[in-house]
Amino acid sequence: MNDANAKRCWYCQADLTRQDAPAENDSQDWLNNLRDNSPAPQGDDQPEEPANSSESPNEEVPAWLARIRTREQSERAASEDALSASSEELSSEIPDWLNEFNPDQEKEKPDAILPASASAQPENEDDDWLKKLESWQSEPTSSPEKTSTDVTVGSREKPAEKNPIEDEAVTPPDSALIKDSAPEWLQAFVQEPKSTPAAQQGNLSVQQPSTSAFLPAERTPKNEEDSLLRDSEPGQISPTAESIESSELDTALAPSQPGEENETWLSSYKKIHPDKDIKEQVIPAPVDQDQTKAPFNENSLMDWMKPIDPVTNPSQKEPVPQLEPAALPAWLQALSLKHNGKASAPSHSSSDFSDFGPLAGIEGTLPGEELNQFYKRPQTFSGLLKTTESQQVRSKLLKNIADQTHWEDENLEEKPHSHIWIFRLIVTVLMLAAVFIPLLFTQISSIAPSLYPDEVVQTFNTVNALSGGKPVLIAADFDGSLFGELNWSYQPLLAHLMERNIPIAFLSTNSEGTTLLNQSASTLIKQYPAYASSDKWMNLGYLAGGSIGLQGLAQNIQTTMPLNSALQSAWLSKPFDTVKRISDFGALIVITENADTGKYWIEQVKPSLGTTPMLVVISAQSAPLLQPYYASGQISGYLSGLNSAVAYEALTKTPQNATAHLSSFQITMVLAIMLVLIGGIVSLIFYHPQPGKKKRVNS
Amino acid sequence: MRSPLIPIISFIVGAIILAGYFFPGSGLAAIRTPMLDWAVTLSGVAGLIAIINLVFGVHWRRLRDSSKDYLFSGLVIFAFLATFALGIFLGPTNPDYQKVVTAIQMPIEASLMAVLAITLAFSSLRLLQRQHNWMGLFFFISVIVYLLLNSGILSFMANIPSLQEVVSSISLVPIAGARGILIGVALGSLLTGIRIWLGSDRPYNG
Amino acid sequence: MSADELLIGLVFVLITSTLVLLLTIRQKRSSTVPVFRRIAALSKFKRAVSLSVEEGTRIHVSLGNASLTQPASASAFVSLTALRRIGQLSSTGDNPPIATSGDSVLAILSQDILHQVARENHTLDLYDPTHGSLAGVTPLSYIAGALEQMHDPEVKTNVLIGNYGSEVGFLSSYSEEKGAYTLAASDSLPAQAVLYATTENPLIGEELFALPAYLHSTPAHSASLQVQDLLRGLVVLVILVGSILKILGAI
């Protein structure tokens, strides 16, 4: 708005000598109404201070500018004090999530709220943003929404930028930001849209641009914030007239191009016909109660924006004075006559007539209630997460921390591999050396057992007691993994059986047992030509079904295993034709590396054996589990591992593979003892807990 | 809601098998034996299905998708088909065919056990690192003692009667412990079987 | 087995079954959950499952190579119950658990359970039949196949429950070296010994069979564990009395 003492319009150079005074009074009237809705500004009570010392005393300053400067000086101090107190109140009203939303904005909040205090300043301050309103009205736009939203300073500086209201103001966070950054009077307006309808009617036409003008300070990048703050902070525009022109006018008015584009928005004003009654043309019609709508649809507001209980805010109940009808200044009418009458904004037809507010009764002005439509639109929430700069910085920081943690986890996983293989290689070399060196250097003697285990002796005695005519059933329930150990263990027993010319039938409950046993026996059988020539070696093949198959075998062996591996009848030819039941065998020998398998044979088959002895050859690792069955007499004896094989060879006086490898076995065992001992001592001394995920699991 | 039919069938079959075990002389054996045969047959069919799923469901898909290590999957499929074809034509008792087991499978498994021995020896280095408590220390001492006893290098102690008794007593300790653990495992197995028999634990759909 | 032994066995089974049924009904009616002693490995395991869901990693459940036609199938059934519960606990995660088994029937059942869990949790889009696979048909071939699954970088938790031999040391050692959390339990004594040396928190003895109750599956599991504890106490009492009588020369 032009200065009160100005002779000509700042923008259009029109003569202001006759119409400026009433216009200013009009604006002051409704601005007073605005102030009535807001708490009493503290700045009003502050005495005016001298002009800023930074100003040049010799500078020729227009009177209106000097008045602005002095007022700004006084307001700056007052507003800082007032804001320091009010910001605390505001911050207490802000939800916690919003406080966390952008801490940087909290820091900037005093600056961002500065215009709020400006609104509470004497009326000439209001002229600044009224200028923005004017420029906003004259902004040429392509769409209705853009027309009403391009008032933001940020959007003026960057016209190509998205409309902040269109994109953001309808979202709840932005509404909150409006509430936070808006002046106090606007906050009351936001909180109680229904309580002061008349006041809102008067405010509508100006609140929209005012509130939206704060948005870029919250959302735009830093440089835009600075420009906005330059525009909004009195202290920044006060020093010189150049600064006003460059900062305030350039930012607020430059897009409107005073000499040119003001005609565009003025074109929406209708011509006043001098031959008609001027009152009929300018005095507004009585305000319809239906038109006293709240600027915000209550249903579309967030909870925190819903009207506050009037009891808690009694000031909202104050009656609002009726607005005086306004008339378009003559100079504006004169200007509008030059225009071709085309509407500047597509959203407003030339017949629009403002019924209320400071421009009530003036045709062609922007009706305030239509702005309601802007806010009554269904809220559209963007699917994209909108984050501020500080939030992005924090997210990057969090991502870095997470990445670092992940990297550390991976490092912990990979780290052991980096040095573990060295220790593993050392252990491997030592163990292989312990195995092979005694085999290469035969002069390294072993410590032969001086006493024979009882179970081995009982096994020997059992085989010795077998009748030569009765065949023996061998169950080869082992796989290739422990074939080496078991081969040493059962070879002396097998040799003993062959030596005694006892027929052998063998089967297996796993797929490879009979094959491995057959291979081992075929090598051994060559040492006993008499046994090889006869047909005393029969492969019964695979017994399916595990323990279920064993039950069938125990119940009826002839139906369970009717054929041998050559698909011939197993029980018709000699010497196996004497076998009708499983108890007809001379003995049952189970060769297995698994104690559970031995247990199944004992539990499922042994009851059907009767007095037929049962022997077991088992891996050394499972021997303790078999000991109870031997102690209870369920099995007659067992061989376990290399030591038993060496003892059995000693009993049969036929040293074979087991005895040959005893020294290697013993040295490897001693090495293992040393490794465990050294490792244990080192672990006791240099103990450190497991890091990484397991630490988190254990915590 | 699950159908009650399958648990009922499961309960009846379990009851028949159990009764046939406790009353072997009764006529239940005539029902029980075919049921066990069915179970064995179904187990064999399931084995075939699972192997086909492994070869053509997993490895064939890897080969088709050219995913990681797809060449190894191709090798698995080739080895399976070759072994299967040879088994069909030569028969499982053919000495040449049995070399698949004795010349390929057995050496692989035996070498893996050798690697396991080294792995366990290496793991024993950090035994007290993992079990840093009294039980771990007791386990550590036990490992050393029984390795010594089983190595046979203490055979000279057999000539000292008092030491021989001590060694024999120590040798019985793990047997007693193993028996205690086995009793616990047996009780757990029993109750698991009862849960499944009663239908309260159903590792199947239906 | 004599007729007396069979009769004792039958009575024992019937009494045990009755106890399980009664306690299950009682717990269902009273809606009370019995409190068991704390097993550190299971407490950590629950945390590991939560961490796995939180981190979006995968849980590998190794079901062992017990055949369902063998008595060791009890451990396989426990592992299947654990698989179901783990699938339910990790239903909010992006990666459903995978299961490997060394027995064909076990593999089919594991697929069935994973499918059922996916259907219950409405995550059928995440279900893949190959998540329950037969890794190998012999113990060591199974270990080789399971190691391949554990090699997946997404697998950060390994559950080794079932019947194994000493070859389980491959799985446990690899899991520990990889830094994954390992819950290991077996009904086999050699496997338990190896697991104790290679993992931090193995389940020893009958703790394996307590796993379903500790994972809060059903009242029947809790009742079963209560009966198990009762029977164990009974066995201890019988052994003590028998030993005393033996010392006194009464028997």
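Of the 206 residues in chain B, 35% are buried, meaning under 20% relative accessible area with a 1.4 Å probe and protein chains only. This is a predicted model, where local features need pLDDT of at least 70 and side-chain atom pairs need 80 or more, while totals for chains, interfaces and linings use all residues. Residues are numbered from 1 along each chain as written, chains are lettered from A in the order written, and side-chain values use heavy atoms, leaving out hydrogens and water.

As for the fold, chain B has seven helices and zero strands, taken as DSSP runs (H or I of at least four residues for helices, E of at least two for strands) numbered from the N terminus. Among contacts in chain B with a separation of 6 or more, 38% join residues 24 or more positions apart; a contact here is heavy atoms within 4.5 Å.

Now to the neighbour. 60 residues of chain B touch 72 of chain C, and the area buried between these chains is about 5,300 Å², with 68% from carbon and sulfur atoms. That buried area is the accessible area (1.4 Å probe) both parts lose on being put together, summed over both.

There are three salt bridges between chain B and chain C, each a side-chain nitrogen of Lys or Arg within 4 Å of a carboxyl oxygen of Asp or Glu. One of them pairs R61(B) with D128(C) at 2.7 Å, N to O. On the side of chain B that touches chain C, helices 1 (5–22), 2 (28–65) and 4 (95–125) are among the elements giving two or more residues. Helix 7 of chain B gives the most there, with 17 residues.

Key
Buried area = accessible area lost by both parts, 1.4 Å probe. Buried < 20%, exposed > 50% of the residue type's maximum accessible area, 1.4 Å probe, protein only.
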